[in-house]
Amino acid sequence: MFELYKKRDLSANFSDTIAFFKTFGKHYFKNYFIINGIFLMVLVVLIYFISKIYMEVLFSGISNAQNNPNYLMAYFNNNMALIVGGFVITFLLIVILSMLNISYPIIYLKLVEKNDNAFSMQEISSGLKNNIGKMIVFLLGCMFVILPLAFIVFGVLAFLCLILIGIPLIIIVGSAFMSWITLSYYEYILKDVGYFTALSNGFGLVKQKFWTIVGTTFLMMLLVQIIQGFITMIPYVISLIWMFVSTQNLQEPASQTDTFSTMGILFAVIMVFSVLLSYVFNNFILVNQGLIYYGLQEENENNATKSQIDLIGSDIE
C-alpha cells in the first residue's frame, strides 16, 4: 500500500514520486487521457492548424518578398477575424485544460488517500465537477492577485540578473513561487478554507521546509525539462537535417512550394508533440508537489500515526 502521509526529505520526495507512478501509473494516465482526451484533441488540432498556417504564410512571405514586400501584413489584415478567433478559442482551451491538468492529480491523490487504487473514472470526474467553482475562483485569484505580484517580483529579479546576483535568486524564488501556488491550490481544494487563507497556509508550508521544498521543486522541474527537451529534440533534429537537404534545390517555384509546405507540416507536428509532452510531464511535477504537501501534513498533524491507532482499535473489536 502506498503511503501518502509520510515525513519526506528531498531524496524521499523523488523516490516516492517514482514509486507512485510505478504503483498507479497505468491507472493514473488511463483516466487522465479519458477525462482530458477531448480537450487535448481539440487543442492539438487547433495548434496544428495555427502553426501550419503561420509557417506557410511566413514561408510564402519570404518567397514573395521581392514581388510583394507587404504580403505578410496584407494576409493578417485580410484574415484578422479568423486569426483573433482562433487564438481566443485556443487560449480558452488552454485555460480549461490547464485547470483540469492541475486539478486532476489533487483529486486523484485525495481518492488514493481514501481508497488506495479502488476507484473509478466516474469518481475522479465527480471530484473534478464538484470543485469547478473552486477552480474558477482560484483561476481568477491567480489572474488578479498572483499575476501582478509575479510581474513585480520577477521584473525585479530580471533586473538583478544584469548584475548576476539575480540568477541564483530567480532560481530560488521561481521554485519557491511555483511551489507556493501549487501547495496553496492543494490546500484550497482539499480543505474547507477561503482563497486568501489557502495562500497564507501555502506560504506557511513552503516556509516550514524551505530549502527541501525549493530543492525538490527545482530539481524535478529541471529533470522534466531535460527529459522532455531530449525527446522533443529527436524529431526537431530530423526535421532540421531534412530541411538542410531540401533547401539545396529551391531554384524552381514548384520545388519551393512543396518544400515550404512540408516544412510547415513538420513544424506544426513538432509544436503539437511539444504541447502534448508538456501536459503529460507536468503531471510528474504536480504529483511530486502533492507528495510534498502530504508529507508536510504528516509532520503537522500525524495522520499516519492516528490511522495506525484507529486500526489497532478496530483489530481489538
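This is a predicted model: local features need pLDDT of at least 70, side-chain atom pairs count only at pLDDT 80 or more; totals for chains, interfaces and linings use all residues.

Colleague: Fine. How many helices and strands are there in the chain?

Modeller: The chain has 10 helices and 0 strands. Both kinds of element are DSSP runs numbered from the N terminus, helices being H or I with at least four residues and strands E with at least two.

Colleague: And what share of the residues is buried?

Modeller: Of the 317 residues in the chain, 39% are buried. Buried is under 20% relative accessible area, exposed is over 50%, and partly exposed is in between, with a 1.4 Å probe and protein chains only.

Colleague: What about contacts between residues 24 or more positions apart?

Modeller: They account for 77% of the contacts in the chain with a separation of 6 or more. A contact here is heavy atoms within 4.5 Å.

Colleague: On to packing. At what angle do H3 and H6 pack?

Modeller: About 60°, with the axes 10 Å apart. The axes are lines fitted to C-alpha atoms, for helices over the stretch in contact, and angles run from 0 to 180 degrees between N-to-C directions. That makes H3 oblique to H6. For the classes, under 35 degrees is roughly parallel, over 145 roughly antiparallel, 65 to 115 roughly perpendicular, and the rest oblique.

Colleague: Which residues make that contact?

Modeller: On the H3 side they include Met99, Ile102, Ser103 and Pro105, and on the H6 side Tyr185, Tyr186, Ile189 and Leu190. By class, the contact of H3 with H6 has 10 nonpolar, 1 polar and 1 charged residues. Nonpolar covers Ala, Val, Leu, Ile, Met, Phe, Trp, Tyr, Cys and Pro, charged covers Asp, Glu, Lys and Arg, and the others, Gly among them, are polar.

Colleague: How do H3 and H4 cross?

Modeller: The axes of H3 (residues 80–115) and H4 (residues 121–130) come within 9 Å and cross at roughly 120°. That makes H3 oblique to H4. From H3, residues including Leu100, Tyr104 and Leu111 meet Glu123, Ile124, Gly127 and Leu128 in H4. The class count for H3 with H4 is 7 nonpolar, 3 polar and 1 charged residues.

Colleague: Switching to charges. How many salt bridges are there?

Modeller: A search of the whole structure finds 5. The criterion is a side-chain nitrogen of Lys or Arg within 4 Å of a carboxyl oxygen of Asp or Glu.

Colleague: Which residue does Glu301 pair with?

Modeller: Glu301 meets Lys191 in a salt bridge, 3.1 Å from N to O. Glu301 lies in helix H9 (residues 253–301) and Lys191 in the loop between H6 (166–190) and H7 (195–208), so the pair ties together parts that are 110 residues apart in sequence. Lys191 also forms a salt bridge with Glu187, where the closest N and O atoms are 3.8 Å apart.

Colleague: Are Glu187 and Lys191 buried or partly exposed?

Modeller: Glu187 is buried, at 5% relative accessible area, whereas Lys191 is partly exposed at 26%.

Colleague: Which residue does Lys209 bridge to?

Modeller: Lys209 pairs with Glu299, and their closest N and O atoms are 3.1 Å apart. Lys209 sits in the loop between H7 and H8 (210–246) and Glu299 in H9, so this pair ties together parts 90 residues apart in sequence. Glu299 is partly exposed, at 28% relative accessibility. Separately, Lys6, Arg8 and Asp16 are linked in a network of salt bridges.

Colleague: Last topic, single residues. What does Gln228 touch?

Modeller: Leaving aside neighbours within four places in sequence, Gln228 is in contact with Ser274, Leu277, Ser278 and Phe281. Gln228 is in helix H8 and is buried, at 11% relative accessibility.

Colleague: And where is Leu199?

Modeller: Leu199 is in helix H7, and at 7% relative accessibility Leu199 is buried. Not counting residues up to four places away in sequence, Leu199 touches Ile146, Trp180 and Ser184.

Terms used: Residues are numbered from 1 along each chain as its sequence is written. Side-chain values use heavy atoms; hydrogens and water are left out.
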